[in-house]
Amino acid sequence: MGAWAVIRTIAKRELAAYFESPVAYVFLVVFLLLAGFFTFSLGGFFELGEASLNAFFNWMPWLYLFLVPAVGMRLWSEERRQGTMELLLTLPVAPWQAIFAKFLASWVFLAIAMALTFPIVVTVNWLGDPDNGVIVSGYVGSLLLAGAFLSIASMTSAMSRSQIIAFIVALMICLLFILVGFNPVTSLLSRWAAPSVVEVVAGFSVLTHFEGFQKGTVDSRDLVFFLSIIVFALFVTGVVIRNRRAG
Amino acid sequence: MIKVENLVKSFGATRAVDGVSFEVGRGEVLGFLGPNGAGKSTTMRMITGFLPPSAGRVSVCGFDVEQDPLEAKRRIGYLPEAAPSYHEMSVVSFLKFAAEMRGLTGQARRKAIANVVDICHLQGVLGQSIETLSKGFKHRTCLAQSIIHDPEVLILDEPTDGLDPNQKHEVRELIKRMGARKAIIFSTHILEEVEAACSRAIIIDRGRIVANGTPAELKAMSQTAGAVSMTLCGAAEQQVREKLALLPLVGRLEASAQPQERLTVRAFPGRSEDAAARGGSLAAALAQAAVREQWKIEDLRTEEGRLEDVFRSITRTDIHLEEKAA
């Protein structure tokens, strides 16, 4: 049995597990309500008078800050709590396959949540004549952003048996990744640090790298940034799981 | 099929498993005995590749569990302690998942599932989600998962824990049946289970193997093994003691009064002769004495020894230490 067949089997089970509990539906509803609220009320979608989804994508990092750790917190802590980790890791599967498969399932779940925001795209297209390329790149960026946050949640989830702790720690780390590039913070920083330093620090922010996608300019550096967060955090997940077993 | 060499596992300063070595071949059912915390589960977790050993090595069907984990794991079926499963799943989707993970698809998967459903009596609960099941069903669902790919090696951590006596009996019979073609290790607290299902037993205490042999061999280690006990009706204890003490084969004597004027005497073979070998003639000597004295014999038998006595005498030191600590 190939590595990908194993990954597919685990990912399929994980994804099905989301929809077998009511939590998934609650999550989807909350996600869509908040996305709508942020876009139309806080984002001023109509007041902007633009045929774009800027109002929508602007709030994505803040929305994900809370919702993605909520999706990812159960990834490993639940396996540990229920004892199924012992079951999973004694099946003929390499740890990296299990880690990636579980991550992938949650990522697909988030992608489904994102896909359900399609009415907003339809609305914009109906009201005006937006650049759909920019919208697609915005979605790609959102997906990568969600993936990066999710991998961080996977990592914190491996560290703790408690989902709450996994959630809070993931939220803190994600918040840090946002704040270093958040305008109020960077302007505060630029008062006493050289502009080059501020730029380097801001370079670690997901906001900085998400911006390009919002404008429709897909830069390979932004792509590499998000993918390397994902790879790194999943790698740490593996190390944590191995060390926990080594005792 | 299973080869364990000098296995060590330390958690911080404590050595949970301390130099354990044994082998299990095809057709063998190995019973794993020991007090709680003796290192049974830890040893099993190392055999199944869940925990990496601190030292030593395990090979399963010739594959080193650390060097070649996937090949080894393919050949192992494992029922972890407390029989975990994905609670939100239904029994049938859980079994489908287990089968797929073992590379079974299509017709082969359907057959494998039907087979284990039959063996573990899960017909009635296939569509139910696992969290709504009783403990016995949860347990059997996880057991079904462990045998779904008809593995050559089966590791069962307390397979009868939480089952009712009928279910216990069934699982024991199942282990015995499967044991003919596989190499099985199972741990238990129930000593009769070892006698009922195992071809060999290992007693482990504080991370070390303290006894290894067939159930009969272990029983022979018991102090009462080879002793003869005789129940008499209406005989006076003093007289019986005096008469029996004269017999050359008899060593120590124990007598206890039973209800309705019955008296049970237990005669231990004298000196250091091989207890089991001398047992037969000791019984004959006792019987002859009883006939001579015209005592009414109600019961006369040579004791095989009790596994429980062996278990307690070997692992008792631990309890003393714990009591002192507490």
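Me: Which residue takes a positive phi just after α1(B)?
Reply: This is a predicted model, in which local features need pLDDT of at least 70, side-chain atom pairs count only at pLDDT 80 or more, and totals for chains, interfaces and linings use all residues; side-chain values use heavy atoms, with hydrogens and water left out. Residues are numbered from 1 along each chain as its sequence is written, while chains are lettered from A and ligands numbered from 1 in the order in which they are written. Helices (H or I, at least four residues) and strands (E, at least two) are DSSP runs, numbered from the N terminus. Just after α1(B), a positive phi of about 85° is taken by G49(B).

Me: How many residues of helix α1 of chain B are buried?
Reply: A residue is buried under 20% relative accessible area, exposed over 50% and partly exposed in between (1.4 Å probe, protein chains only). In α1(B), the buried residues are K40(B), S41(B), T42(B), T43(B), M44(B), M46(B) and I47(B). The helix, residues 40-47, is therefore largely enclosed by the rest of the structure, its buried residues being seven of the eight.

Me: What percentage of the residues in chain B is buried?
Reply: Chain B has eleven helices and 14 strands. Its C-alpha atoms fill a box of roughly 75 × 45 × 40 Å along the principal axes. Of the 326 residues in chain B, the buried share is 51%.

Me: Among the contacts in chain B with a separation of 6 or more, what share joins residues 24 or more positions apart?
Reply: A contact means heavy atoms within 4.5 Å. Among the contacts in chain B with a separation of 6 or more, residues 24 or more positions apart account for 68%.

Me: Is R200(B) buried or exposed?
Reply: R200(B) belongs to strand β9 of chain B, residues 200-205. Leaving aside neighbours within four places in sequence, R200(B) has contacts that include E23(B), E28(B), N212(B) and P215(B). With a relative accessible area of 15%, R200(B) is buried.

Me: How many Å apart in space are G305(B) and P84(B), C-alpha to C-alpha?
Reply: G305(B) sits in the loop between β14 (296-302) and α11 (307-325) of chain B, and it is buried at a relative accessible area of 9%. Beyond residues up to four places away in sequence, G305(B) touches K219(B), S222(B), T224(B) and A225(B). G305(B) and P84(B) are 221 residues apart in sequence, and their C-alpha atoms are separated in space by 37 Å.

Me: How are α2(A) and α5(A) oriented to each other?
Reply: Axes are lines fitted to C-alpha atoms, for helices over the stretch in contact, and angles run from 0 to 180 degrees between N-to-C directions. Angles under 35 degrees count as roughly parallel, over 145 as roughly antiparallel, 65 to 115 as roughly perpendicular and the rest as oblique. The axes of α2(A), residues 22-42, and α5(A), residues 60-72, come within 11 Å and cross at roughly 170°. The two helices are therefore roughly antiparallel.

Me: How are α8(A) and α10(A) oriented to each other?
Reply: The axes of α8(A), residues 95-115, and α10(A), residues 132-159, come within 10 Å and cross at roughly 140°. The contact involves residues including F103(A), W107(A) and M114(A) of α8(A) and Y139(A), G147(A) and L150(A) of α10(A). α8(A) and α10(A) are therefore oblique.

Me: What is the handedness of the crossing of α10(A) and α11(A)?
Reply: A crossing is left-handed if the near helix is turned anticlockwise from the far one by less than a right angle, and right-handed if clockwise. The axes of α10(A) and α11(A), residues 163-179, come within 8 Å and cross at roughly 140°. Residues that meet include F149(A) and I152(A) in α10(A) and V169(A) and F177(A) in α11(A). The crossing of α10(A) and α11(A) is right-handed.

Me: Is the pair of F56(A) and Y139(A) stacked, edge-to-face or tilted?
Reply: Rings of Phe, Tyr and Trp (its six-membered ring) pair if their centres lie within 6.5 Å; planes under 30 degrees apart count as stacked, over 60 as edge-to-face and the rest as tilted. The structure holds 20 aromatic pairs over all chains. The ring centres of F56(A) and Y139(A) are 6.0 Å apart and the planes stand at 50°, so the pair is tilted.

Me: How many residues apart in sequence are the parts that F56(A) and Y139(A) tie together?
Reply: Both F56(A) and Y139(A) are buried. F56(A) lies in helix α4 (residues 54-58) of chain A and Y139(A) in α10 of chain A, so the separation in sequence of the parts tied together is 83 residues.
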